[in-house]
Amino acid sequence: MSLATVDLRKAFGGVVALDGATVTFREGRINALIGPNGSGKTTYFNCVTGMIRADSGTVTYGGTDITRKAPHAIARAGVGRTFQLCRVFPRMTALDNVLAAVRPGGVSGGLRGARHRAEVDRARGWLTRLGIEHLIDIEARNMSWGQQKLLELAGVLMGEPATVLLDEPAGGVNPALLDRIGTLVRDLNAEGRTFVIVEHNMDLVMSISDHIVVFDRGRPIAEGPPSLIRTDERVLGAYLGS
Amino acid sequence: MPSGALLFQSVILGLLLGGLYALLAAGLTLYFGIMRVVMIAHSAFLILAAYLAWWTHTRLGIDPLLSMIVTVPLFFGAGVLLQRGLLSRLRAITLTMMSVLLTFAVALIIEGLLGYAFTGTQRRIQLGYGSAGLQVFGARIAVVKLIAFGLAVLALAALYLLMKKTTFGWALRATIQHRDAARLVGIDTERVAGYGFGLGLATAAIGGTALSLDTTIYPSLHWHWIGPLMAIIVVGGLGSVPGAAAAAVLLGLIQSLLQIPLGTTWAQTIFYLALFATLAFRPQGFFGGRLAQRF
Amino acid sequence: MLSVSRAVGLVVLAAAVLSFPGLAPNPYILSAGIVVLNYAVLATSWNFVGGFTGYISLGHGALAGLGGYGTALLVTKAGLPSFVALAVAALAVAALAVPIGLAALRVRGASFVIVSIALVLILLLVFQSWSSVTGGSRGLVVPRPFPDLLRPEHHRVFYYLFAGLLALALLAWWVIDRSRFGLGLKAIREDEDKAEALGTPTFTYKLIVFVVSAGFTALAGGLYALWFGDLDPVFQFSILTGSYLVLMALLGGVRNLFGPLAGALIVGTALEYFKGQFGNTPLHLVATGVLLGLVVMFMPDGVLPAITGLWQRLRKSPQSSIREVSAADLQTERQRAEVAK
Amino acid sequence: MAAESPRRKTQANSQSEIELVDVQAGYGRAAPVLRGFSVAVPAGSVVCLVGPNGAGKSTVLKVASGLLKPRSGRILVGGKDVTGTGPQRMLAAGVALVLQGHSVFREMTVEENVLLGGYTLKDKAKAADRAAFVKDLFPVVAERWGSLAGLLSGGQQKQVEFARSLMVDPKVVLLDEPSMGLDPKATSTIFEQVARMRDAGTAVLLVEQNARRALETADIGCVLDLGRVHISGPAAQLLADPQLGELYLGGRPAEPKVTPKS
Amino acid sequence: GDGDGGSTATDDPILVGISLPLTGDFSEPGKGVQQGYEAWAKITNDKGGLLGRQIQLKILDDQSNADRVVADYEQLIGSDEADLVVGPFSTRLVVPAARVAEEYGMLFVEPAGAAKEVFSQGFKNLFYAAPAVANDHYNHLAEYLLALPADKRPKTVAYAAMDDPFAQGTAYGLKDKLEAAGIKTVVNEVYPPNTTDFSSIAAKIASSKADMLVGGSQYQDGVNLIVALQQLNYQPKLAAFSGAPTNPEFAKAIGNKTEGVLSPTGYSPDAPYPSNKEFVEKFTAQFGKAPDEDQANAYTTGQVVAAAVTAVGCAEQGDCQKKLVDWVHGNKVETVVGPLSWDQTGKPQGAHMIQQWVGGRIRIVLPEAVKEAEFVYPKPAW
Ligand SMILES: Nc1ncnc2c1ncn2[C@@H]1O[C@H](COP(=O)(O)OP(=O)(O)OP(=O)(O)O)[C@@H](O)[C@H]1O
Ligand SMILES: Nc1ncnc2c1ncn2[C@@H]1O[C@H](COP(=O)(O)OP(=O)(O)OP(=O)(O)O)[C@@H](O)[C@H]1O
Ligand SMILES: CC(C)C[C@H](N)C(=O)O
Ligand SMILES: [Mg+2]
Ligand SMILES: [Mg+2]
């Protein structure tokens, strides 16, 4: 399901963070969203996922309007996200962190035991895929920055989102692991998941994305496949530097 | 329909009351808004200061205002000790929660000791000018209320300047917001946080003295003040001294006017209605300041 | 799953609770037991909100007061039988908890504490002022459900009623604790926005658990009213009561099923003891304050966790917190795993 | 470990500006994170610390800046033993740390943040000088001078922090992943700045996950794993080591640079 | 108490259990009551005790808390096995306390449950040991005012009462009578017990310019109200307060401007009743000052219990209590506040006197028969 926004606007006091962002992230792709610091990428994610309310404009997911929906409803509709400043549940173990993404349905589902066998196995699987299975019983607050980032990603994936928004997944992650994350994203994409990745690591962005949107001052200034973006004048000027 | 004279008199009373509220709430703004410590014991310290003023007056026969020469530094020191000895030892993640309970404990201890020392009897300072008043356009202003109001204005102005204009004020705010980073720029965070707390309690010393001029005190009186003061700082916007002052004056005024049709008890509910309205419609307070929802 | 030692512990606990009335030397001790049980139910009820979501409410005393007044008014004004009134009142308070929760749960942390304090104070004002219905400061007398019972017998009956209610509250807490719903609540405690982003309807969760908590609290308050017989707004809507609950739960350990119960036992007994010790002075307040301070400073996780922690440390040598694997080890391990696939 | 001779020498390499000797350190009761870790940063050189997540890199910097007391071992600054003194003393000795993650004073303005960086400066004129210097260096800082720092975007905040730490003109700068969250332009600025500081004689201890880029700037590389030095040597040498590359630096050696050098 | 089978000629002391508000809201009057009980025990014991047994008091502090007061009597009766129990201070605490005593079948004479709700609970073992209940405190004043010629009567009255059964009882008892006679109520304010700021209430009263002010007060609230009124320069022709003016601290607290202030009282140290002389003398010797109303009420309570015990010849839990109760119901007891008798609900059948500050002292001015000074009307300015 495609994620699209039309004329999204958001201002914080005098600062215009989003200035009419009209973007479509097509289903099944690995999309990248890049742009200089402060260009509104995180704000865009926040508006799309309902964490903050846009001043105007609409967000649609798979054709349905989700502009006014609560964040959890958007998550349940299939949009998962990570946070730029990595957020995990500090006093819960890695396992519980991941299990917390399981969304029970109804009263009986809610009252079912949290450590359901199948789910524990699934959680363990995600931790393994991210290379932190050895931390399964460790509380998140005792992990290093990078470990927490990976844990957060595991939690989001546990929710089986059809569309995953990643805010700087590579920030602070060891390059050796980064390759794994890159591979993982490609595998998951092959399994049918859509990605939108905000990232400043151009090696990663250029190597994995199918489609890149470039933001500047709260609105897209360029769009296209990596090969095109790499050489786009405006992009070079606003973002990559010349 | 109340007479014009009564309305005018109520407005005057409301403004004076609001000024006092502003002073009493100032310290709370400091710890709560800036240091993120919920200081339940603030009003207990107010009562303590009031008791000390009463005690110096009855025992030594001197004007209660003079007690501030002792109580202000004393409370400052107590604040430093409280912060350095107790609050700073709490874990950072649970600071907000645990500080509620710890300061609650301090409030109980103060209340208990006051009761032990002075019994539960209500006390009131009997001043020569206690019932004196000035006539202003047909309304009357009690001298003691005017003094309390003046104290409030002076203390609040000093506090505001200190926070915004001095290096100490900056260092205090920095310490509160990111302790490690503050240490890394060379701030002695332990000391600064202690002083900040001391400052809050120093305002309690002034506020308590002002309070004692024209009211009865008893050890458990502090419970009575917690609610209205907390409401004031939320309505004013957490951490904003000018906001708290504005909210205090406004709420004092409304309360005073509402007493005419509703009576004393129902009029008090205005504080809580304002509190809920603020949280529902404008969590950052009506006068700027921080989002109340998050703290 | 119940381990053997847990099961044994449970049986012992239940036996101890149930045999108390037989062992109590006089009705006074029995009534003190009821007070402690009442505290235990209240603290456990509080712990639905405080323990799971980390929202510290100093206002649960007010919910108990509502339960008490609700029960009393339904008996006196509507003429309902006592225990029907109790059930209806608890349901009504649970229903009322919905709008209260809608307002109060919008805010977090210290602001929530303030709101909860405000709740008590505003209800105090209402119940004091609205004397045509509530009796105001004259108080309200609750007719006895068993008018023919002598006082000692009356105590015995209520002791078992409270014990039953406690069992019910503990069971409910236990079910939630191990459930997915419970895990969601704990996620809220840790990071509410994050939980929301993961798809947990945090507000609904908070509201549900608040309503459950309010219901149990009201049951305890109502039962207490039926037992005690006299309601006075000053004592029903007191911040002190709410704070004692917090003290108990914290003291025992909020993440622990039996934490609040243990806390109620300790604090309830301590309150009686301080009263005996400092009878004629307000030093009992000082003692309570010191106790609370000590808990916060030295056992912020509570007595039960402190004991279990100590036990574990005695049994095992300090273990490293993280399983140690170097990058090279991990690599080989993964390769092995991939080959095995 | 003994420092290899740096590529560029502005001073005699005999003395290290900061040196950690056989440090054991950890958190609370848990097993140590660093176990016998040593590193030396000569004046006028950049030492880059790389290693997997959780290896203990940030812990090294916390120990070096005095935030965390080591359980054993010594810390020498300019040859003097300063083990166990707090961050204030360390700062006075000339050691400045930029924390990993975000550590701006969120509810103070950018101006207040930056000026607080010069908290220990007694000389007002010097403070003004430095402020002008950092504003010049980071245009964003100048642009958002009056707004609350907590409202800036992640990368903007990082720049404010960096500017703040440069207010004092330190002898040793400890940087924990300075490029994290920065856009390519700002990243370049940071690395240029690191090089410039080195040229001015400042010792830099740099922790980076952007390892290849960092090693290109650094003189000495040091791989940390499981709390010990796994290998160390001239940065160029580490970059060339294929096995290290696979384990710690990411699969492909960096070829086409998207971010051109200035 | 010892078993019924044992000899009644035991020498064990008689244990009298009492809970009092020694801390908290009612602590001041609570301590007064304590002195009254202590004086009673000492005076009785000095004369050889009751039934030849010494009286031993066991006093617990209920912290002015209704929950506590119940636990206290529970303990006194159940655990300490007190032979007799007597009441605490204040209507708010008397009601729950009385229920415990009732359900254990104990005689319950009390010194301070004056409000009418005490007597509507269906208690069969309760007796209030004072001349009159709250609503009747001002009866003599009402009579006096209504007897005045119409042009001299106050025409408008302002009422301000604490939200407390006793305080409201006194004020509204008078209000009902004055309103029935057509005297207009211009202000009717109720304030919660914890009120400390009276400026708004005072502003309302002052702007009404009422001829007469009636304060349903305990102590401090009365003082605060008067000071606030003085600040606004309000001068009524008559001012009556239920609690405050009899307190020894009162004059100083309002700046000695007491002249003409009225108050009802159930007790006068100068009253001519036979036991009163002895009481005042011995009390003064014991405590260094003359007793006031609270002490006297407690002493009266003791006198009532003692009379019953002496007449029935027993003092222990069990059947004896029923006999004691029956005796009190059927008899009149001579006390320091005069002869007392009770109806079925335990309500006393007398009336209060009216005192007024005259010439710097508080004197009885009504009823005519016992007056010590002339009624001053209108009252001088304060
Ligand atoms: N809560 C907020 N209040 C006020 N201003 C904000 C808030 N959040 C973001 N902004 C402002 O909005 C603009 C966009 O910020 P945003 O975080 O979306 O940028 P970004 O593209 O994610 O940048 P980066 O790459 O540095 O993370 C910035 O100028 C920032 O200062
Ligand atoms: N505050 C803490 N309490 C307990 N353990 C901690 C704490 N901080 C870090 N650790 C543990 O110490 C180890 C080293 O952490 P450190 O932050 O130094 O790693 P790092 O090398 O900087 O990793 P990253 O690249 O992910 O930032 C980790 O295994 C982590 O689990
Ligand atoms: C006359 C007083 C002794 C009565 C007491 N104040 C009461 O509350 O009932
Ligand atoms: Mg961002
Ligand atoms: Mg790190």
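Student: Which polar side-chain atom lies 2.9 Å from an oxygen atom of ligand 2?

Tutor: A polar contact is a pair of N or O atoms within 3.5 Å; within protein, one must be able to donate a hydrogen and the other to accept it, and residues adjacent in sequence count only if both atoms are side-chain atoms. Here the atom belongs to Gln209(D). Taken alone, ligand 2 exposes 630 Å², and the protein buries 87% of that (accessible areas by the Shrake-Rupley method with a 1.4 Å probe; for residues, only the protein chains shown count as cover).

This is a predicted model: local features need pLDDT of at least 70, side-chain atom pairs count only at pLDDT 80 or more, and totals for chains, interfaces and linings use all residues. Residues are numbered from 1 along each chain as its sequence is written, chains are lettered from A and ligands numbered from 1 in the order in which they are written, and side-chain values use heavy atoms, with hydrogens and water left out.

Student: Which chains surround ligand 2?

Tutor: A residue is near a molecule or strand if one of its heavy atoms lies within 4 Å of it. Residues of chains A, C and D surround ligand 2, so the site is shared between chains. Ser144(A) has a side-chain N or O atom 2.7 Å from an oxygen atom of the ligand 2 molecule, and a polar backbone atom of Ala55(D) is 3.2 Å from an oxygen atom of ligand 2.
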